[in-house]
Amino acid sequence: SSAASDVYKRQIMKETCWVLTGPTASGKTALSLRLARTHDCEIVCMDSMQIYRGMDIGTAKPTADECAQAVHHMVDVADPTEDFSVARYQEMAESCIADIQARGHRALLVGGTGLYLRALRQPMAMGEAAADESIRQELQQIADAPGGKEQLHQQLAAVDPDTAQRLHLNDVRRVIRALEVYRLTGRPFSQQPQIKTDSRFSYRVASLTMPRDILYARIEQRIDQMLADGLAEEVSRLLKSGVPRDAKAMKAIGYKEMIPYALGETTLDEAVYALKLNTRHYAKRQLTWMRREEDVLWVDALEPDAYDKLEAYYTQGEAK
């Protein structure tokens, strides 16, 4: 019967998650909250800094009011002293998505960390070679030293340029794995028999954009607001609570620029200048990254019909 075949079709079709990405300060929050309210979505944060507890102002974390409008996941899941990996994000986010869908709701991923989105859409199987703990520890020690991630990535580029091109130098776990596979088998990871891994869910991705001069003005405004909200005090508090200045979390934009000011090494003006400049560069990199992704709907966040375009795109093919 056609009803039975429909059920079967639904079972083999992967559940679809909605993704709203775009550069910092492009208006993701307001649009995502409206989508969540209208379509019974729960928001899964896709932001590599909002995962850290106690880092609220500089990460533009959802406020209590925003959390009251929609359930948020993947916020405050790690301590700022932890080195939280892309693989760990992938694992935790997928388990959130599965849980949201099992309860009959819809997952809406919101954030600007392109590396997280890629890990979800294109998971990598890491070869058949068994793990070798001594090689891993040796490579991890290199990674932990100053400039070590760059050094490892160069090592990989020398023996396996294809894999090096695919992996970001911050994706240390996979860079180490690819080097380990090469050392154990004498053959580059890119030439290993491939175990195909498929993403668990299907992702419908939209990215916000807007004229660059307006985006940059919004970034400046947002930073001024963060400073008024106590960003400098937040950074001091984290340092005083024992988070080392070289912790991965403290290398985030908004924190690394304010640390020298908090420690009396620069003036506030110098720190704010660096912060605004670095944030503009970061927004540019986010846009460049998203342009390399496949199947992305681009929406100008300032157009009056931006919300309608997103809604039509996300719900296409669904029964009204």
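In β6, which residue is the bridge partner of S207?

A: The bridge partner of S207 in β6 is W298. The model in which this pair is found is a predicted one.

Strands β5 and β6 are paired in the parallel sense, and five bridges connect them. In general, the strands of a sheet pair through backbone hydrogen bonds, in either a parallel or an antiparallel manner. The sheet here is an open one of six strands, in the order β3-β2-β4-β1-β5-β6, and its pairing is parallel. Strands β3 (72-73) and β6 (296-300) stand at the edges with a single partner strand each, so one side of each has no neighbour in the sheet. Helix α14 (residues 306-315) packs on the sheet and touches β1, β5 and β6. The direction of α14 makes about 165 degrees with that of β5.

Strand β5 also pairs with β1. Six bridges join β1 (residues 16-21) to β5 (residues 202-209), and these two strands run parallel. Within this pairing, V19 stands opposite V205 in β5, and L20 has A206 of β5 as its bridge partner. As a general rule, side chains in a regular strand alternate between the two faces of the sheet. Strand β5 is mostly covered, for six of its eight residues are buried.

The view may now be widened to the nonpolar cores. The largest nonpolar core has 75 residues, and those that touch the most other members are V44, Y89, L109, Y203 and M250. Leaving aside neighbours within four places in sequence, V44 is in contact with several residues, including H73, M74, Y89, I97 and L109. Apart from this core lies another, of 15 residues, among them M124, L139, A143 and L179.

One residue in helix α10 (residues 212-229) also deserves attention, namely L215. L215 counts as buried because its relative accessible area is 2%, and buried means under 20%. Not counting residues up to four places away in sequence, L215 touches P23, T24, A25, S26, M210, A283 and L287. The C-alpha atoms of L215 and E150 are separated by 31 Å, and these residues are 65 residues apart along the chain.

Helix α7 (residues 148-159) has twelve residues and reaches 17 Å from its first C-alpha to its last, close to the expected 16 Å. Its buried residues are G148, L152, H153 and L156. They lie on the same side of α7, because they cover an arc of only 135 degrees around the axis. On the other side of α7, Q154 and A158 are exposed. The buried residues of α7 are covered by elements including α6 (133-144), α8 (161-166) and α9 (172-185).

Helix α2 (residues 28-39) likewise has twelve residues, and it reaches 16 Å from its first C-alpha to its last, close to the 16 Å expected. The residues K28, L31, S32, L33, L35 and A36 of α2 are buried. After α2 comes D40, whose phi is positive, near 55 degrees.

Key:
Residues are numbered from 1 along each chain as its sequence is written. This is a predicted model: local features need pLDDT of at least 70, side-chain atom pairs count only at pLDDT 80 or more; totals for chains, interfaces and linings use all residues. Side-chain values use heavy atoms; hydrogens and water are left out. A nonpolar core is a set of buried Ala, Val, Leu, Ile, Met, Phe, Trp, Tyr and Cys residues joined through side-chain atoms within 4.5 Å. Buried means under 20% relative accessible area, exposed over 50%, partly exposed in between (1.4 Å probe, protein chains only). Contact means heavy atoms within 4.5 Å. Helices (H or I, at least four residues) and strands (E, at least two) are DSSP runs, numbered from the N terminus. The expected span of a helix is 1.5 Å times one less than its number of residues. The arc is that of the directions from the helix axis to the C-beta atoms. Two strands pair if DSSP finds at least two bridges between them. Axes are lines fitted to C-alpha atoms, for helices over the stretch in contact, and angles run from 0 to 180 degrees between N-to-C directions.
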